[in-house]
Amino acid sequence: MKDYFDNRINNIRAIAILIVLLGHSIIIYSPEWGIYVSSVSCNFFAWLKRLINIIQMPVFFSISGFLFKSSLMKRKPSRIVKSKVSRLILPYLMIGSFYMIPIRLLAEYPAWEGKALWKILFFDLILGYDNGHLWYLYVLFIFFLFGAIFRKLNRAVTACFFLFVLSLLSIFKPFSSLHPLLYQFENNFVWFYLGYLFSFYSEAFNTFHNRSYFSFLSLCC
């Protein structure tokens, strides 16, 4: 059964990557983006981008949560967090410092006009107030950190209660105005946790394979 799920995870991950690439290639036609506006409009691409926005992050975070369970079986939570520092935070800081910031400065990114470089490095990159497409690495690290803390919330009653709380946060987003990362946490951690729960109860889900949401996703494979 492990190979069964691994194969489908790999297939879903490949499709998800292609969807993200497509979404980023047409993002300039999305009126919700608003950073650089194209002089050419295309309603088809605008609506396609809206559809991609609905599914892309839930799929990616669910996969990460699903694989988090197998990581817990191999290593201690503290070692997992340490490995994520080298695999997520260090690339985040390197790419942000030597790629994203120079590119944005050369492109005269409007939000950084007249802002001191040290403020960009400290507030926008290190504190994550405006880290562009790199927000995913930052938030994913936070998810693994919280996943390690809440890993024992996997029993039926506690899992349902925690899932209910996360769903409320996702709907109402009471802390989203305090920091952009809090918005992403409230909006997406529920998907990470769902993926983790699905992996934890994968044998039970496999019994009802034809009814599971994972089986629905695997139709694409």
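How many aromatic pairs does the structure hold? There are 28 of them, where a pair means rings of Phe, Tyr or Trp (its six-membered ring) with centres within 6.5 Å; planes under 30 degrees apart count as stacked, over 60 as edge-to-face, and the rest as tilted.

Before you click around: this is a predicted model, in which local features need pLDDT of at least 70 and side-chain atom pairs count only at pLDDT 80 or more, while totals for chains, interfaces and linings use all residues. Residues are numbered from 1 along each chain as its sequence is written, and side-chain values use heavy atoms, with hydrogens and water left out.

**Stop one: two aromatic pairs**

Select Phe143 and Phe185. Their ring centres are 5.8 Å apart and the planes sit at 70°, so this pair is edge-to-face. Phe143 belongs to helix H5 (residues 135-149) and Phe185 to helix H7 (residues 180-200), so the pair ties together parts 42 residues apart in sequence. Helices here are DSSP runs (H or I, at least four residues), numbered from the N terminus. Both Phe143 and Phe185 are buried, meaning under 20% relative accessible area with a 1.4 Å probe, protein chains only.

Now pick Phe189 and Phe192, a stacked pair with 5.8 Å centre to centre and 15° between the planes. Both lie in helix H7, three residues apart, or about one turn of the helix. Phe189 and Phe192 are both buried too.

**Stop two: the core**

Which residues touch the most other members of the largest nonpolar core? Select Phe61, Phe68 and Tyr136, out of 48 residues in that core. A nonpolar core is a set of buried Ala, Val, Leu, Ile, Met, Phe, Trp, Tyr and Cys residues joined through side-chain atoms within 4.5 Å. H5 gives the largest share, eleven residues.

Stay on Phe68 and show its contacts (heavy atoms within 4.5 Å). Leaving aside neighbours within four places in sequence, Phe68 is in contact with Ile80, Phe144, Gly147, Ala148, Phe192 and Tyr196.

**Stop three: charges over rings**

Select Lys84 and Phe144: the charged end of Lys84 sits over the Phe144 ring, 4.4 Å from its centre. That label needs NZ of Lys or CZ of Arg within 6 Å of the ring centre and within 35 degrees of the ring normal.

**Last stop: Arg104**

Arg104 lies in helix H3 (residues 77-106). Is Arg104 buried or exposed? Arg104 is buried, at 13% relative accessible area. Not counting residues up to four places away in sequence, Arg104 touches Tyr109, Trp112, Asp130, Asn131 and Gly132.

Key: Helices (H or I, at least four residues) and strands (E, at least two) are DSSP runs, numbered from the N terminus. Buried means under 20% relative accessible area, exposed over 50%, partly exposed in between (1.4 Å probe, protein chains only).
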